[in-house]
Amino acid sequence: MKTILEIKNLTKDYSGLKAVDNVSFKIEKGHVYGILGPNGSGKSTTLGMVLNVVNPTQGSYEWFEGTTTNHDALKRIGAIIERPNFYPSMSAIQNLKLVCKIKNISQDKIEEKLAVVDLLSRKHSPFNTFSLGMKQRLAIASALLNDPEILILDEPTNGLDPQGIRKIRDIIQHIAKSGTTILLASHLLDEVEKVCSHVIVLRKGKTLYCGPVDEMNNNYGVVHLDAADRDSLFEFLKGQPYAISVKEENEGFKVVLNQSIDLSKINADAFKNNIVLHKLFLKKQSLEDQFIKLTNHI
């Protein structure tokens, strides 16, 4: 599969503070990638470096398998890394025509891109009449004018209400279906889980995970169970090969699993040991659980 971007040991040091610390990952064509992490984790700095607006302290990056210079690569990229900034009194279509002149690209696709972001009916409306969500969608239209091979978005739903977030999410999914690779930075786990196929988790500038979203969330879950005779149940659980850990809580025991297990077998084995369970259910760890576990490690 074609590699769009490869980052190798990228580091950014601000007077002793490492905003990005030895980060490496690849962006492959046709996927939607999320850079996920709390505020201050290095997401925006990483994007700034690969877009040539922040100078790396160490490391390197390569666009399109090294077949082009960074300057020419930027012509094949669409990016929004700042708040939407257009002329307030000019209409949407006037602002996009100006963008085309600045980028020296054709104006032929302005209406097509306005339609993609559901703003075609407002093409003659002044920018200062737009809601924050509409302004963000116009910025996405602007980034799409050159039919980029990759679209880079930094916190695309920041500050939006739930309806605005849903609208942006639908647009991103529509763009991805057309074959455009997408790289977005976000601190919203729900956004990444619903939109992205792959995720890079950053914390304090370090990479904690890089891979498919599904694999990050690949776990066997936790069994919750209880019985009248808790002492016997505890001894029973400690001897089970599927139990990574056994923790007693107010409402019973929580057992973290290291393999798939049939709940009926747990119930039957407990009964053979004269333990009658009155609670038994399985709960898979959510992506949020996995994310918190990762980011608490450092």
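Let's start with E28. E28 is buried yet has no salt bridge. Buried means under 20% relative accessible area, with a 1.4 Å probe and protein chains only. A salt bridge puts a side-chain nitrogen of Lys or Arg within 4 Å of a carboxyl oxygen of Asp or Glu. The nearest side chain of opposite charge is K26, 4.9 Å away. Lys and Arg count as positive, Asp and Glu as negative; His and the chain ends are not counted.

A word on the source. This is a predicted model: local features need pLDDT of at least 70, side-chain atom pairs need 80 or more, and totals for chains, interfaces and linings use all residues. Residues are numbered from 1 along each chain as its sequence is written, and side-chain values use heavy atoms, without hydrogens or water.

Where is E28 found? In strand 2, residues 17-28. Strands are DSSP runs of E, at least two residues; helices are runs of H or I, at least four; both are numbered from the N terminus. E28 touches M1, K2, T3, I4, Y33 and T181, leaving out residues up to four places away in sequence. Touching means heavy atoms within 4.5 Å.

Now helix 5, residues 132-144. Of its 13 residues, 11 are buried. Part of the cover comes from strand 5 (77-80) and helix 3 (92-103).

Next, the largest nonpolar core. It has 44 residues. Such a core is a set of buried Ala, Val, Leu, Ile, Met, Phe, Trp, Tyr and Cys residues joined through side-chain atoms within 4.5 Å. Helix 5 gives the largest share, 7 residues. Apart from this core lies another, of 26 residues, including I4 and F25.

Technical notes. The expected span of a helix is 1.5 Å times one less than its number of residues. Buried means under 20% relative accessible area, exposed over 50%, partly exposed in between (1.4 Å probe, protein chains only).
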